[in-house]
Amino acid sequence: MDKGLNENEALLIKKILKSKNIIISQSRIKDTLKKIVSSQKVFPLTQQRALLIRLLQIFQNTNKKEIIILDELKKDEKLPATFIFGVLAQDWTGMSNSILGIINQICKNVLFIKAFTVETDKNRIGIVIVSFTIETKIEYDQFNKNSKQLINFIKEASRGSISKTLFLEDETIKFEIHNDIVNYISKTYPDPELIDLIGEDSEVLKFISSRSSQYLKERKIRDLSELIVSNYKYIKQIRSGKHEEILKIKNFETKKENLTGITFFCKQISITIEDFLKTLNFIVPGNSIKHHKSFVTTDGILIYRIEIVDRKGKPLDKKLIKTIEYNLEKLILSSIEKKFSQVKSIGGFEHFARAILPFLMLELKKTNITQVFINANKKSDFSLETKLIIVSFEKKGRNLIKILSALEKIEGLEITSSLPPKIYNKNVQIDIIKLNINLSEFKSFDDVFYNIKITLSNFYGDIRDFDQGFREFDMRILSELMVLLNNIDNTLIRDIYFNFDEVYRIEIPFNLLKDCIVLCSDTIKLISRENKLKYIIKHLNGEDCDKTILCISYLNSKNSLNKLLKNFKKKKVYFTRVTWDHRVYYIIVASDNNKQLNEDFIQSLYG
C-alpha cells in the first residue's frame, strides 16, 4: 500500500508551488496528493512500479526491440475485470497517442495511462503503461478473443518510427488547414445555417479527412472553403427537390498550375460517372484529369468532382465551358431514355420480358406494393411512345376499362392499345397498356410518371415505379459488395458496378459480379507494380458457373476494342469498359457453348 509523501517531499513541493505564486500548507499538499493516489486504486502505484520494472528487466535480459505485457489483475472471475498493459519500444513521436488509439479501438474504456522515455547506453526507449476495465461477460469474452490482435497492432505501431513521424506531421498539416477553413467560413459566411459545416462531425472535417495533405496544401484556403460551402448548398437544393441535378464549372489556381474544377450533383443512378466522362472526353479530347473524387450521401445524392486541364495543360476557356454545360444538360435529359434503350439493346422485348418481369414480380411479393414500369419505345422532340407495365396482385372487381378511361383523362396522354390481363403464379396480374405522351403538356419525365402513378393508385393502391424499386435493389447489391470488399477502393467498386448494364446487374449471380470487381482490382494493383506492360490479361473461372472472367488492360485505348473482340467471334461475350488512372480495363464475361473458356484459348490471348 502506498503511504504517500514524507515531510521532506511535501516541503520541496511547497517551495516549488510558492515560486509559482501558489501558497499552500504541507498538510493541504498531502491531502491533495492522497486524492490522486486514491483515484489510482484501479491501478495502484505499487502495481505500476512492478510493471515498469518487469518491462525494463525483460529489455535488459533479451535486447528485444519491443516488449508488450498484458495482465489481468485479480483473476477471480468477478466483473468488472481490470487489465494492465505495458509497452516498451524504441521511442517515436506520438507513441502514447498511437497506443491509446489502438486500445480504444479494442475496448474503448481506458481509465489510466502514463508515458515517459528512458535513456539507455545505446538509444532512447519509450514506455507506456495503461489500465482499463471490462464491465460485462460478453465484453470480457470478446476482449480475450481479440487480445492477440491488440498485441499485434501494438507491435506494428512500435516499428517504422520515421514513417509514423511523417504521418503525424501530415495530420498536423491537416489540422492547421482545418482550423484555417473553419475561421474563413465563420468570417465570410455568417449564415447560422452553415453551423453544420464547422461543428463536431462537420462537413469541413469530412472534407479534410478524405483528401491528401498534398492536395490541401496546394490549394488556397478560400477555394477549399468555397468548395465546401457550395457542396453543402447544392446538396441541400437537390434534397429539397428544387433541382434534379446541378453542374458547376470554375477555373482556379493552385500553387503549381491553373485548373478547371467541375462538380456535378444529382440523384444517384440518374447518370453514371462513365457517361459523364465519355461526354467530357468528346468535348475536350486529350484532357488530363488531375484529381477526381466521387461520393454518395446517405440519402442517395451523388457528388462527382474532377479537376482537369486540356491537352496543352491549360484550364478550359469560357467557350469550351459553355459547350460542356450544354452537352451535359442534353446527357441529363436523355438519361431516362438511355436506361430503357439499354434494356432493349440486349436482345429486344423478349429479353426485356424475361429479365424485368421476374424482377417486378419478386419486388411485388417482397413489398406487397404494386410495381409499375414505363418502357420508352420511340421519342421525338414532341412525343413519346411508351408501354406501361403494371404488376399487381389480382383483385376482383378491378375494371380495366375504367383504368384506361382514367388514364386518358390526363392532359397530354392517349391510350393507343392494351392487352388483356395475364395471370402468373395464380395470383399475380400483369397489365400492359400502350400510351402516346405529348411532352409539351408536361414539365418533365418525372411529371409524366407522377401523373400516371397518382391515377393508377386509385385502382391499385400504393404504387412503386420500376425506377424506385430498381434503385433500391441496385443500392442493396452495391452496399453488400462494399461491405464484402472493404479492402477495395469504394470509388473503384462503384465505377465497375455502374458500368455494367442495369439489366445485366439484375441477372448476373452476385458471386460472379463480386469476382469481376476483385479481378479488375487485382489487375490494377499488378499493373501499378509492373507499369511497363503494354497490356495484361488476367482471368478466373467463376465458381459454380459456366463462364470465365477476364480483365484485359491497354495503355493506349485507340482501336483496342476492335482488336479485342476479334478474338471472341464465336464466343458468347458480355463486356464492360472501366477507365482508372488514365488506363482502360475491359472486364469480359465469356463462355463457349455454355462452358467455361478452355486454357488453350486463354493462353492464346496473352500472345
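Biologist: Which residue in β2 is the bridge partner of Ile68?

Modeller: Val87 is the one. Strands here are DSSP runs of E, at least two residues, and helices are runs of H or I, at least four, numbered from the N terminus. Two strands pair if DSSP finds at least two bridges between them. In this model, β1 and β2 (residues 81-90) run antiparallel and are joined by 8 bridges.

Biologist: What should I know about the model itself?

Modeller: It's predicted, so local features need pLDDT of at least 70 and side-chain atom pairs pLDDT 80 or more, while totals for chains, interfaces and linings use all residues. Numbering starts from 1 along each chain as its sequence is written, and side-chain values use heavy atoms, leaving out hydrogens and water.

Biologist: In what order do the strands of the open sheet come?

Modeller: The order is β1-β2-β4-β3, with antiparallel pairing. β1 (66-73) and β3 (110-119) each have a single partner strand, so one side of each lacks a neighbour in the sheet.

Biologist: How many salt bridges are there?

Modeller: Side chains of opposite charge can pair when their charged atoms come close. The cut-off is a side-chain nitrogen of Lys or Arg within 4 Å of a carboxyl oxygen of Asp or Glu. This structure has 16. One of them joins Asp71 to Arg54, with the closest N and O atoms 2.7 Å apart. Asp71 sits in strand β1 and Arg54 in helix α3 (residues 45-62), so the pair ties together parts 17 residues apart in sequence.
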